[in-house]
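Here's a quick briefing to get you started. Take a look at the structure first, then read on.

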Amino acid sequence: MKKHVIKIITLLPVVLLLAVLCLIGVQSAAYRLDTSEGTVRDIAQAEYKTDTGASGKLELPGRLEGLASHTLVTLTAQATTQPGEALLLKSVFAPMEIFLNGEPVKDYGQAGSYPGFLNDPPTALLLVPLPPEGGEVSLRITYQSLTQRSALSLPSIYVGTGEALLERQFSQDGFLFIFSLVLIFLGLVMIAVSLGFVLKVSSGASFLWLGLFSLSAGIWGFGECDLTVLLFPNPALLYAMAYLGLFLMVIPLLRFGLLVVQPKDKRPMQWMLWVHYLSVAVALILQLSGRMDFTKSLYWFHIIAPLGFVTFAACLL
């Protein structure tokens with residue numbers, strides 16, 4: 001029975017590879033030249049001004065560095081629009097207010113619109129309808145700089161019909177969106193299978209850890225994908241999914257390695273596991289207490305997550 005379980009585990013990478021190839025084929029076949037009039041255009045040139053007196057011209061996407069917390073940044077631009085078009089804008093952890101021809105039309109990330117333990121609002125994509133008659137439109141966006149970072153990211157702004165904007169986003173992020181769903185599905189299946197094996201065969205726990213690894217990776221990709229934010233406008237939930245999926249991903253991989261690889265010296269994997277356990281616990285405490293957002297804790301996980309994969313690979317070899 002144990003040999004049979006090991007054979008099934010060795011087939012899983014092949015199944016994942018076939019799934020990836022199928023997804024690539026579907027995505028490639030779906031992409032075609034758009035001959036319709038609903039094209040998407042970007043606003044590449046803009047001017048900015050801060051409440052501290054700094055100003056200048058900016059190429060979008062761009063970044064403003066060295067800003068103090070809560071600095072107001074006003075971005076202005078002009079756009080020629082057609083009837084029935086909209087704007088696609090992205091907020092990267094920054095509160096924003098949008099004005100068209102001097103009139104306020106939408107705001108995002110204002111106090112009280114997201115959980116209180118977040119210092120900055122989560123990332124969001126917004127579709128803003130333009131005046132129905134079209135023509136020349138004056139755009140003004142007021143941002144508030146972040147508390148957790150000194151740089152303000154100003155993504156590209158796109159103009160087009162709602163269908164064209166959605167199609168553009170799907171062509172850019174569709175593969176990540178679908179692949180993340182596949183990983184989540186495979187993870188849930190392996191976890192369900194493991195519940196039957198664990199009670200009968202001790203090695204069945206390897207399915208559980210492999211399933212949790214796939215589930216964590218899928219949740220990370222699903223929460224990080226811009227298309228997800230556009231289709232499911234729940235930025236706070238997707239924020240938690242993206243960061244917790246990334247933070248927790250290495251733990252089930254190392255647990256899987258301890259069960260399947262069974263290295264002679266288990267201490268490197270065990271030490272790395274404890275580092276991740278403590279890091280996740282501290283990151284959660286700092287986030288829930290409002291002292292440090294996941295966006296800032298991420299820099300530490302950029303170090304220990306690759307170290308976890310290196311440790312797994314070293315023990316495997």
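Let's begin with R168, which sits in helix α2 (residues 162–198); helices here are DSSP runs of H or I with at least four residues, and strands are E runs of at least two, numbered from the N terminus. This is a predicted model, where local features need pLDDT of at least 70, side-chain atom pairs count only at pLDDT 80 or more, and totals for chains, interfaces and linings use all residues. Residues are numbered from 1 along each chain as its sequence is written, and side-chain values use heavy atoms, with hydrogens and water left out.

- R168 is buried (under 20% relative accessible area, 1.4 Å probe, protein chains only).
- R168 has no salt bridge (a side-chain nitrogen of Lys or Arg within 4 Å of a carboxyl oxygen of Asp or Glu), and the nearest side chain of opposite charge, D173, is 6.3 Å away.
- Beyond its neighbours within four places in sequence, R168 is in contact with V40 and Y158 (heavy atoms within 4.5 Å).

**Helix α5**
- Helix α5 (residues 235–248) has 14 residues.
- Its buried residues are P235, L238, Y239, M241, A242, Y243, G245, L246 and F247.
- Among the elements covering those buried residues are β8 (103–108), β9 (124–129) and α8 (294–316).

**Nonpolar cores**
- The largest nonpolar core has 75 residues (buried Ala, Val, Leu, Ile, Met, Phe, Trp, Tyr and Cys joined through side-chain atoms within 4.5 Å).
- L75, L87, I141, Y143, I157 and F247 touch the most other members of that core.
- Apart from it lies another core of six residues, including L88, L125, L165 and L230.

Definitions and conventions. Buried < 20%, exposed > 50% of the residue type's maximum accessible area, 1.4 Å probe, protein only. Lys, Arg positive; Asp, Glu negative; His and termini not counted. Expected span 1.5 Å × (residues − 1).
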